[in-house]
Amino acid sequence: SQWVAGGKGPSVADVVLFDLFGALGDSFGAEKLAALYPKCAEHYKAFGEVEEIAEYLKSEKRPKS
């Protein structure tokens, strides 16, 4: 399974990993982080492509950084 908890869909652990990897990528460089942690980078991409998540990330509901 591509999800942290091994279920059929994302869990809270997937949200935390997505958020943490994104924040660290912003701080240290996404490409560098992806090279060091390719499985986390794959997870980040897959989670961001979940339809509901992708819609939220593009919406006005998302707080600005």
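Predicted model: local features only at pLDDT ≥ 70, side-chain atom pairs only at ≥ 80, totals over all residues.
**Overall fold**
- The protein has four helices and zero strands, in the order α-α-α-α from the N terminus. Both are DSSP runs numbered from the N terminus (helices H or I, at least four residues; strands E, at least two).
- The C-alpha trace spans about 30 × 30 × 15 Å along its principal axes.
- Accessible surface comes to about 5100 Å², with 59% belonging to carbon and sulfur atoms. Areas come from the Shrake-Rupley method with a 1.4 Å probe.
- Of contacts (heavy atoms within 4.5 Å) with a separation of 6 or more, 42% come from residues 24 or more positions apart.

**Burial and helix H3**
- Of the 65 residues, 22% count as buried. Buried means under 20% relative accessible area (1.4 Å probe, protein chains only).
- In H3, the buried residues are Ala41, His43, Ala46, Phe47 and Gly48. They pack against H1, helix H2 (30-36) and H4.
- His43 sits in helix H3. Its relative accessible area is 7%, so His43 is buried.
- Beyond neighbours within four places in sequence, His43 contacts Gln2, Trp3, Val4, Asp14, Leu17 and Phe18.

**Largest pocket**
- The largest pocket has a volume of about 340 Å³. A pocket is an open set of points on a 1 Å grid over the protein atoms alone, where a 1.4 Å probe fits, with protein on both sides within 12 Å along at least five of seven lines. Its volume is the space filled by probe spheres set on the points, which are joined across faces, edges and corners.
- Of the 14 lining residues (an atom within 4 Å of a point), Phe18, Asp19, Tyr44, Leu57 and Arg62 are the closest to the pocket centre.
- Helices H1 (12-28), H3 (38-48) and H4 (51-58) each give two or more residues to the lining. H1 gives the most, with six.
- The lining divides into nine nonpolar, two polar and three charged residues. Ala, Val, Leu, Ile, Met, Phe, Trp, Tyr, Cys and Pro count as nonpolar, Asp, Glu, Lys and Arg as charged, and the others, Gly among them, as polar.

Conventions: Residues numbered from 1 in each chain as written. Heavy atoms only, no water. Buried < 20%, exposed > 50% of the residue type's maximum accessible area, 1.4 Å probe, protein only.
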